[in-house]
Amino acid sequence: MIPGAFDYHSPTSLDEALSLLKQHSGDAKILAGGQSLIPAMRFRLAVPTTLIDINRLADLRYIEERGDHLAIGAMTLESALEDAAVVGQSYVLLHDTAAVIADPLVRNMATVGGNIAHADPANDHPATMLAYNATVVAKGPNGERTIAIDDFFTGLFENALAEDEILTEIRIPKPSAGSGGAYTKFERKVGDYAISAAAVQLRLDGNTVAEVRIGLTNVSAVPMRAPDAETALLGRPADAGTIEAAGQAAAAESDPSPDLRGSIDYKRDVTRVMVKRSIEKAVARAKGGN
Amino acid sequence: MSEHEVTVTINGEKVTKTVEARTLLVHFIREDLSLTGTHIGCDTTSCGACTVLVCGKPVKSCTMFAVQADGADIETIEGLAAGGELHPLQEGFWEKHGLQCGYCTPGMIMSAKGFLAENPTPTEDEIRHGISGNLCRCTGYNKIVEAIQYAAEKLQASEGGE
């Protein structure tokens, strides 16, 4: 399958990329890792007339802890996340996620920014970034702005970026003492999208859940948090009964579509189990385990 | 529609060609460079039959445009048997029966070459993780894992001997 014809640009600076994007407004797509866009173009699901390839913007590849947050350049490869010591040590939920995105070959091309900007509820980073309460940084002709992750996903494959903006960075707040996180994904085989997956980031005060955010993968048209499940946990002891209640709440508020991966009831129940497993792991990690 | 001059180093040889922007790297390799050892399996970024090394990293060449590879160093299965002598990975697949139909083999070998360069002494689990982007419908994978273990040991031994 061969994609439709397009004009190709390979800018070497962000300013050049922004100027090309403005010039071709409406017709252009940004090409990041291309691991979602190129398959979509081969199926002619996407037929952009202009591609602006930002892979030569090496300035957008970095993973750095800056004060109270981790800054990740939009063009950082997924494989780099997997290998980064700081991610393995302090951002365990992110590390869990990076290890299960697609497959190792895809992770050598795929980027963190692309995974988020694509706004596909089946992608893994949206749930993780929702759980982390991350911030997205976007740059446009009028400068830079930040967008809270809760406001970023506006529809299926739709995000809050303006047509002339490029996602440049993702900021993840540094988890405070007593925090733990985990990502649990159920998939038919490596490389497939999740049947369901759950990202949990929480903080314990003793054995009481003092803070928690939960994101769900591939069980809604728009990447979603699980507010009822969060409420079921908040202020309560992290015991088996509470965790089961949170799992059931997530199953009820999820909104999966039936497809080859299963029926609605099946996906809801997998969601219940994924949420429970992620909470259990996050609690164990918050208490200093692995 | 734009056309672009692309220069790549492929298996050590520098070549320049003009390609349409939409030409996928795998089509460039197979049709423009006549290196048909790199296979097309699924066309959906699932199977890994088209795996090649781009600047040392194994990637799916069906999910990258040739124009993106301008300036890159590319290695395909044809680059492995230097002077007609099998590479330890090829020898491993031969000795351990790491293939039946052989369709996935070039991709498997290029993936393995990529991760062995980073981790020359992988555990069995690490090998299975390393080839998890490559599908094989014949072998059940055990023989492939053994083939890669064979190659890793042989490569280690030859390095130790230097």
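The model is predicted, so local features need pLDDT of at least 70, side-chain atom pairs count only at pLDDT 80 or more, and totals for chains, interfaces and linings use all residues. Residues are numbered from 1 along each chain as its sequence is written, while chains are lettered from A and ligands numbered from 1 in the order in which they are written.

**Chain A as a whole**

- Chain A has 11 helices and 14 strands; helices (H or I, at least four residues) and strands (E, at least two) are DSSP runs, numbered from the N terminus.
- The radius of gyration of chain A is 19 Å, close to the 19 Å that the globule rule gives for 290 residues, so chain A is as compact as a globular protein of that length. That radius is taken over C-alpha atoms, and the rule is 2.2 Å times the number of residues to the power 0.38.
- Along its principal axes, the C-alpha trace of chain A spans about 55 × 45 × 30 Å.
- Of the 290 residues of chain A, 54% count as buried. A residue is buried if 20 or more other C-beta atoms lie within 10 Å of its own, exposed if 12 or fewer, and partly exposed in between, with C-beta atoms placed from the backbone.
- Take the contacts in chain A between residues at least 6 apart in sequence: 65% of them join residues at least 24 apart. Being in contact means that the C-beta atoms of two residues, placed from the backbone, lie within 7 Å.
- Chain A is assigned domain 1 (7-53), domain 2 (58-173) and domain 3 (179-286), with bounds that come from an automatic or database domain assignment.
- The centres of domain 1 and domain 3 of chain A, taken over C-alpha atoms, are separated by 35 Å.

**The core of chain A**

- In soluble globular proteins, nonpolar side chains tend to be buried together.
- Here the largest nonpolar core has 134 residues, and Val200(A), Ile214(A) and Ala250(A) have the most contacts inside it. Such a core is a set of buried Ala, Val, Leu, Ile, Met, Phe, Trp, Tyr and Cys residues joined through C-beta atoms within 7 Å.
- Strand 12 (residues 194-205) of chain A gives the most to this core, with 8 residues.
- Leaving aside neighbours within four places in sequence, Val200(A) is in contact with several residues, including Ala131(A), Val212(A), Ile214(A) and Ile279(A).
- Ala131(A) is one of the buried residues of helix 8 of chain A. That helix (residues 125-132) is mostly covered, with 8 of its 8 residues buried.

**A closer look at Gly140(A)**

- You'll find Gly140(A) in strand 6 (residues 135-140) of chain A.
- Gly140(A) counts as partly exposed because it has 16 C-beta neighbours inside 10 Å.
- Asp15(A) is 125 residues away from Gly140(A) along the chain, yet their C-alpha atoms are separated by 8.9 Å.
- Setting aside neighbours within four places in sequence, Gly140(A) is in contact with Leu18(A), Ala162(A), Asp164(A) and Glu165(A).

**Strand pairs in chain A**

- Strand 4 (residues 63-66) and strand 5 (residues 69-73) of chain A pair in the antiparallel sense over 4 bridges; strands pair if DSSP finds at least two bridges between them.
- Glu65(A) stands opposite Leu70(A) in strand 5 of chain A.
- The hairpin of strands 4 and 5 of chain A has 2 residues between the strands, and Gly67(A) takes a positive phi near 60° there.
- Strand 5 of chain A also pairs with strand 10 (residues 166-173) of chain A, antiparallel, over 5 bridges. In strand 10, Arg171(A) is the bridge partner of Ala71(A).

**Where the chains meet**

- 23 residues of chain A are in contact with 25 residues of chain B.
- The side of chain A that touches chain B divides into 13 nonpolar, 6 polar and 4 charged residues. Ala, Val, Leu, Ile, Met, Phe, Trp, Tyr, Cys and Pro count as nonpolar, Asp, Glu, Lys and Arg as charged, and the others, Gly among them, as polar.

**Chain B**

- Chain B is divided into domain 1 (3-79) and domain 2 (83-160), and their C-alpha centres lie 21 Å apart.
- Strand 1 (residues 3-10) and strand 2 (residues 13-20) of chain B run antiparallel, joined by 8 bridges.
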